[in-house]
Amino acid sequence: MRMQKRVLAIHDISCFGKCSLTVALPIISAVGIEVSVIPTAVLSTHTGGFHGYTYRDLTDDIEPIIRHWQTLNINFEAIYTGFLGSSRQLEIVSHVFDVFSTKNNILLVDPVMADNGKLYPVFPQDFPAGMRRLCSKADIIVPNLTEAALLLGEEYKEGPYNKEYIESVLKKLGGIGAKKVVLTGVYFDNERLGAAGYDVVTNEISYAFSKKIEGVYHGTGDIFASALLSALLSGQPLWNAMQIAVDFTSQSIARTKHAATDTRFGVNFEEGLQSLIKRVQTKNS
Ligand code: PXL
């Protein structure tokens, strides 16, 4: 009997603007994996470029949810965290890891907190230090280059980058404690953009690129991490999973660019789900 896999996704719900739980749920479910959720907050929209959004913090609900689940004898093949709203929430999620981590499950932390050289204004200056502590418990971390600089307490550098810089960042991130590091927003020229991966255990580094499309599109980090986890849990090796996630994200951006919708409204990933399903199921895709 083949058991269906189950993921616990811990992110906010941004009611409009396609990111966090509203992309993690459909993407991971599409590949046949069950998704349980802990919503960390409910917002009318995400915080990227919108003004006047509502924000209901749900931190106080997390521990009662966990206590109830502990009576149900449930387990997860992966725990996947994204946008976490406060330092207290980071501590509570760290406790969720203690309760539900096993020898075999994957703890994936996407340290959502910054982009384009800047910490998101909703976060206090000490937030990156707390996020670094959560990353130290993870199996896989998926920062972009701004988040990487904040995790390392270093200055953000603008691209294009070179291999020497990217590989030194990967190695330093590996020192935080995760077994695998996937760095996003990597580019060496203006033609191609993608991700760099580092397997700390085998010391291997690999790259996955796709065509670089100009513009800042919201929610693409969440789409990338959700597709990466979907591919990994479907049995793809890290390097294949990275290429699948890079292609899925870049095709979603390309569709959206073509449609010329407001970039804050999120990208059209939905029309790529069928092809994602096929690729995660194909050996050596
Ligand atoms: O996509 C990351 C994200 C998730 N959730 C909220 C956000 C952001 C990025 O700005 O504001 C609420």
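Q: Does Glu-34 count as buried, partly exposed or exposed, and at what relative accessibility?
A: In this predicted model, the side chain of Glu-34 meets that of Arg-6 in a salt bridge with an N to O distance of 2.9 Å. Buried residues fall under 20% relative accessible area and exposed ones over 50%, so Glu-34 counts as partly exposed, at 31%.

Q: Which parts does the salt bridge of Arg-6 and Glu-34 tie together, and how many residues apart in sequence are they?
A: The salt bridge between the side chains of Arg-6 and Glu-34 is 2.9 Å, N to O. Because Arg-6 lies in strand β1 (residues 6–16) and Glu-34 in strand β2 (residues 34–45), the pair ties together parts that are apart in sequence by 28 residues.

Q: Which residues cover the two faces of strand β5?
A: In a regular strand, side chains alternate between the two faces of the sheet. Strand β5 spans residues 106–109, and its residues on both sides are buried. One side holds Ile-106 and Leu-108, and the other holds Leu-107 and Val-109.

Q: Which residue of strand β8 stands opposite Leu-108?
A: Strand β5 runs parallel to β4 (residues 78–81), joined to it by four bridges, and there Tyr-80 stands opposite Leu-108. β5 also pairs in the parallel sense with β8 (residues 140–141), over two bridges. In that pairing, the residue opposite Leu-108 is Ile-140.

Q: What is the handedness of the β-α-β crossover from β4 to β5?
A: Strands β4 and β5 run parallel, with four bridges between them. Between these strands the chain passes through helix α3 (residues 87–100), and the crossover is right-handed.

Notes. Residues are numbered from 1 along each chain as its sequence is written. This is a predicted model: local features need pLDDT of at least 70, side-chain atom pairs count only at pLDDT 80 or more; totals for chains, interfaces and linings use all residues. Side-chain values use heavy atoms; hydrogens and water are left out. Buried means under 20% relative accessible area, exposed over 50%, partly exposed in between (1.4 Å probe, protein chains only). Two strands pair if DSSP finds at least two bridges between them. A crossover is right-handed if, with the strands pointing away from the viewer, the path from the first strand over the helix to the second runs clockwise. A salt bridge is a side-chain nitrogen of Lys or Arg within 4 Å of a carboxyl oxygen of Asp or Glu.
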